[in-house]
Amino acid sequence: MGIKISAQNINFFYGPHQALFDNSLDIEENKITAVIGPSGCGKSTHLRIYNRIYELYHDQRAEGKLLIDGKNILEKDVDLLKLRRKVGMIFQKPTPFPMSIFDNVAYPLKLHFNLSKKEISERVEEALRGVSIWDEVKDKLKKSGLALSGGQQQRLCIARTIAARPEILLMDEPTSAIDPIATLKIEDLLLKLKERFTIVIVTHNMQQAARISDNTAFFYKGKIIESGSTKKIFTNPENKKTEEYITGRFG
């Protein structure tokens, strides 16, 4: 597998405050990369550079290079709509829209594509099947997405994201707001989805990182202290800080 994303010497600023320092990280295609580290260390900030969603907020900027398929997406001429279609994002708290289950998934299809009603219906079913929730919701597609349980809502949000057929899924602590059984369902789902997508997941849960990721990057105070295969990071880290964090001695 090749390198799908390559962050090169990234610095990030909130106004005059620097939050990330010289971040360099390669993300392998069709693998799950876990981003770990204590609260406030820059994990989510780093993730938000990959689809330039930080630009929705005033006075935030990134410096350096962020290559996706070899193209620097931080250049001025990048089409942000196309970028965000290619790089989907799932947030910590499930965020279904206040509309039906069907319309939640159909929304990005109507927004980005010129599809017939039949094609939209097929893509909605394909996405709901893709997140293993079709059998649970197929008889209530007209009901509100807000009526689902927390875990179902999160799977609905993943279905909404993958319906647009992105290549990369960014996940910012996608299971921190749902119960343990729903969390395991999402983890099983991610292991299936990596066959089709490149996945980067920010997680506070060490067991989760160890269970599902192929590679891990450890962040501390805005810097990437260490990155590599999850097995190596968890069993034989090179940096003392990595070892201390993984064994629960700080963070």
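This is a predicted model: local features need pLDDT of at least 70, side-chain atom pairs count only at pLDDT 80 or more; totals for chains, interfaces and linings use all residues.
Residues are numbered from 1 along each chain as its sequence is written. Local features need pLDDT of at least 70 and side-chain atom pairs pLDDT 80 or more, while totals for chains, interfaces and linings use all residues, and side-chain values rest on heavy atoms, without hydrogens or water.

Let's start with the sheet. Its 4 strands run in the order β2-β1-β4-β5, with antiparallel pairing; two strands pair if DSSP finds at least two bridges between them. Because β2 and β5 stand at the edges with a single partner strand each, one side of each is left without a neighbour in the sheet. β4 and β5 pair over 2 bridges, and Leu 67 stands opposite Asn 72 in β5.

The elements named here are DSSP runs, numbered from the N terminus: helices are H or I of at least four residues, strands E of at least two.

| Element | Residues |
|---|---|
| β2 | 17–28 |
| β4 | 60–68 |
| β5 | 71–72 |
| α4 | 117–130 |
| α6 | 150–163 |

Now to Arg 123, which sits in α4. Arg 123 is buried yet has no salt bridge, and the nearest side chain of opposite charge, Glu 126, is 4.8 Å away. Buried means under 20% relative accessible area with a 1.4 Å probe, protein chains only; a salt bridge needs a side-chain nitrogen of Lys or Arg within 4 Å of a carboxyl oxygen of Asp or Glu. The side chain of Arg 123 does reach the backbone oxygen of Ala 163 at 3.0 Å.

Ala 163 belongs to α6 (residues 150–163). As 13 of its 14 residues are buried, α6 is largely enclosed by the rest of the structure. Just after α6, Arg 165 takes a positive phi of about 55°.

Technical notes. Buried means under 20% relative accessible area, exposed over 50%, partly exposed in between (1.4 Å probe, protein chains only). Lys and Arg count as positive and Asp and Glu as negative; His and the chain ends are not counted. A polar contact is a pair of N or O atoms within 3.5 Å; within protein, one must be able to donate a hydrogen and the other to accept it, and residues adjacent in sequence count only if both atoms are side-chain atoms. The expected span of a helix is 1.5 Å times one less than its number of residues.
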